[in-house]
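Reader: Hi! I'm new to this one. Could you show it to me and walk me through it?

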Amino acid sequence: MGDEDWEAEIIKPHISSYVPVFEKDRYSSGANGDTFNRTPASSSDPGESNKRENTSTVGGFGVGKSFGNRGFSNNKFEEGDSSGFWRGYQDGNDSEASGSSRRGGRGSFRGCRGGFGRGSPNSDYEQDEGTQRSGGIFGSRRSALSGAGNGDTFQSRSGSRSGRGGYKGLNEEVITGSGKNSWKSEAEGGESGDTQGPKVTYIPPPPPEDEDSIFAHYQTGINFDKYDTILVEVSGHDPPPAILTFEEANLCQTLNNNIAKAGYTKLTPVQKYSIPIIQGGRDLMACAQTGSGKTAAFLLPILAHMMRDGITASRFKELQEPECIIVAPTRELINQIYLEARKFSFGTCVRAVVTYGGTQLGHSIRQIVQGCNILCATPGRLMDIIGKEKIGLRQVKYLVLDEADRMLDMGFGPEMKKLISCPGMPSKEQRQTLMFSATFPEEIQRLAGEFLKANYLFVAVGQVGGACRDVQQTILQVGQYSKREKLVEILRNIGDERTMVFVETKKKADFIATFLCQEKISTTSIHGDREQREREQALGDFRCGKCPVLVATSVAARGLDIENVQHVINFDLPSTIDEYVHRIGRTGRCGNTGRAISFFDLESDSQLAQPLVKVLSDAQQDVPAWLEEIAFSTYGPGFSGNARGNVFASVDTRKNYHGKSSLNTAGFSSSQAPNPVDDESWD
Ligand SMILES: Nc1ncnc2c1ncn2[C@@H]1O[C@H](COP(=O)(O)OP(=O)(O)OP(=O)(O)O)[C@@H](O)[C@H]1O
């Protein structure tokens, strides 16, 4: 799976800032970067470079850096469709992608995080999807792509290289040494200002101030009302009844006004169940399909409580003590959540602040010290700021983990554990912990117990881990050498409709984006090697339709809510079925329909056949006979696409319900109960 972006979010701050004493040795062991297998920086052969990457994954995470630079700065791509070149790349990539290294995903590579080596800004320990779990931390190479890619706009940047987060390339604003900023914390290092590298000076544009922009929203789709037919299961002791309308939530007038201005007239199922549970003070693990309104499901009741408790307008203080902390795995997602928090708290004295990696720490701190009731943060930056004593945890009443399964897995789990054991953080008995995701593997549910009160409630809307049924899924058998041609064919048919193309590695994201630009298809890209400024620019260009195609790694797989994404193409399938579910969930949101096309490469994707068949059949999609055959041949005659394997947790893993467990149809009477087909898919 493509984990590429996560690592830097996690690790950087610990080296320079908040490092619990017992962890220090561990973190510093690789501090000079020599812990990891270093791959020579200069390779003139892209295929070779990739092969080296592949071998380096065994012992470490060395990655040649020649690819992006050479490819773009020497304009190799300008030479057109160099099949030799492409083949070289593909070959290299193929070896990277094959076997356990590609499919290692959650298992293999994440387990390697122990080293915490710190590369120099010129580090070759680049992370890449599938390898970055233990990869170089700082000095992540940035691609040479620049600009929004409006056709031919991917520019060469000879020599441009830099890291995301802590380090900037030559073409970025760099302040070296003590810099201009007076924040001591920056000079000390941290995600945005390690002493060994130039500082991050990127200050994201301020959020919109005008009401129209704050409340801008897209329309719910034709299938929005069908949400009501989805089965909902609530397990755990004594759950409160669901509410059916916003009025029943008894929210204050300002919140109701904001909800109306946001265009919400009707609750989605996850909101019907989660709002009263959170208002009742209970801990919650909620699982509902992509695009079904989980963000408002936690924001609204938290804000309602804050209003009820008469939260005082926060004022300037060096140490802010927010009542609510929300964490999410990617920068763009946490920013999106922040904008939602800001929207729903409009006109109240509740102040939300966002902070995430790749942006100037001093800027974040300036925002925070002005007052902070709700802090939205990526984990690495959060720990950094806590370490710098700008955020105190004593007042935390609500801790929200969005994309909670991601936040608790081997990548972020240790960070989250540190967060809950930080000095001042109220114990789980003293705070309310809320977890949301569209997927919740069983093992992650078990881990979550450590964060939640024993009597937490579990809400499952539809099938846990199931794909959104509003997405029409198509799986095409496409070999790796035919993928580009097929992609162009599909994109030409699609025309200007917004499309996200997922690939497995950062390098490939650059290649495909460049390739599409050469084909005169306006394309931009987002991945962890791009500067934050570029990432945001790319997302902006995609959102506004300037570039209708966004090539992305898994960094964009979760949570992003972009209007009018009509197609998702998995140029490469991800390594896990959960990631597939999240990726295709970028379309078909909020009752709108969407299409997902996935290229299935017999050479590398057969392990995904069985869970894919399951996801497709559960979502009532056509399952190609050839895919079923592969699933059968891989897993033997015992496999049934419709039988529940252990691919998903079907329900609360506690299984042993202590009390009332209710099976509901989103609060509707039995006459409106789902049809038998729905019943079949729920057990
Ligand atoms: N009750 C509602 N009425 C109308 N629109 C809604 C409602 N609830 C949420 N939405 C809108 O639906 C879209 C998807 O919501 P959101 O991003 O919270 O989904 P999600 O369940 O968190 O998805 P993901 O699993 O991909 O993170 C957003 O644009 C949001 O504003």
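Author: Happy to! One term to begin with: two strands pair if DSSP finds at least two bridges between them. Helices (H or I, at least four residues) and strands (E, at least two) are DSSP runs, numbered from the N terminus. This is a predicted model, where local features need pLDDT of at least 70, side-chain atom pairs count only at pLDDT 80 or more, and totals for chains, interfaces and linings use all residues. Residues are numbered from 1 along each chain as its sequence is written.

Reader: Thanks! How many bridges join S11 to S12?

Author: There are 4, and strands S11 and S12 (residues 549-552) run parallel. Across from Val549 in S12 stands Thr523.

Reader: Nice. And which way do Thr523 and Ser525 point from S11, and are they buried or exposed?

Author: In S11 (residues 523-526), Thr523 and Ser525 point one way, Thr524 and Ile526 the other way, and all are buried. Buried means that 20 or more other C-beta atoms, placed from the backbone, lie within 10 Å of the residue's own.

Reader: New topic: what domains does the chain have?

Author: The assignment gives domain 1 (211-461) and domain 2 (471-633); such bounds come from an automatic or database domain assignment. Their C-alpha centres lie 28 Å apart. The contact takes 24 residues from domain 1 and 20 residues from domain 2, counting residues whose C-beta atoms, placed from the backbone, lie within 7 Å.

How values were computed:
Buried ≥ 20, exposed ≤ 12 C-beta atoms within 10 Å, placed from the backbone. Contact = placed C-beta atoms within 7 Å.
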